[in-house]
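Work through the exercises below with the sequence and the model side by side, and try each task before you read its solution.

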Amino acid sequence: MQVVKGQPYTLRHTTVDSRPVTQAVMACSACGAEQVRGNTLHIPPDQLTQKFVKDGWRIGSRGGLCPACAEA
């Protein structure tokens with residue numbers, strides 16, 4: 001996995017149907033739950049973070065909180 005400087009997610013390079021794909025992986029700092037967004041190579045980092053926020057993730061100084069932990 002590749003850390004993206006200043007962003008709460010990491011990038012994972014993998015293959016899907018024999019094609020190379022870059023995925024953004026957000027991991028919850030409280031429970032460890034993950035959300036994966038596929039084929040994210042050409043999305044600017046700040047826009048990618050906003051996509052996680054729209055999905056309910058709360059971003060803080062210690063990383064991200066999944067929607068379930070953010071509500072707790």
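**Exercise 1.** Which residue in strand 3 is the bridge partner of Thr15?

*Solution.* Begin with how the model is described: it is predicted, with local features needing pLDDT of at least 70 and side-chain atom pairs counting only at pLDDT 80 or more, while totals for chains, interfaces and linings use all residues. Residues are numbered from 1 along each chain as its sequence is written, and side-chain values use heavy atoms, leaving out hydrogens and water. Next, find the strands, which are DSSP runs of E with at least two residues, numbered from the N terminus. Strand 2 and strand 3 run antiparallel and are joined by seven bridges, and two strands pair if DSSP finds at least two bridges between them. The bridge partner of Thr15 in strand 3 is Pro20. Finally, look at the hairpin of these strands, where two residues lie between them and Asp17 takes a positive phi near 50°.

**Exercise 2.** Is Gln35 buried or exposed, and which side chain does the side chain of Gln35 join in a polar contact?

*Solution.* First locate Gln35 in strand 4, which covers residues 34-37. Its relative accessibility is 19%, so Gln35 counts as buried, a term that means under 20% relative accessible area with a 1.4 Å probe and protein chains only, whereas exposed means over 50%. Then turn to the side chains: those of Gln35 and Asp55 are joined by a polar contact of 2.6 Å, that is, a pair of N or O atoms within 3.5 Å, of which one must be able to donate a hydrogen and the other to accept it, and residues adjacent in sequence count only if both atoms are side-chain atoms.

Terms used:
Helices (H or I, at least four residues) and strands (E, at least two) are DSSP runs, numbered from the N terminus.
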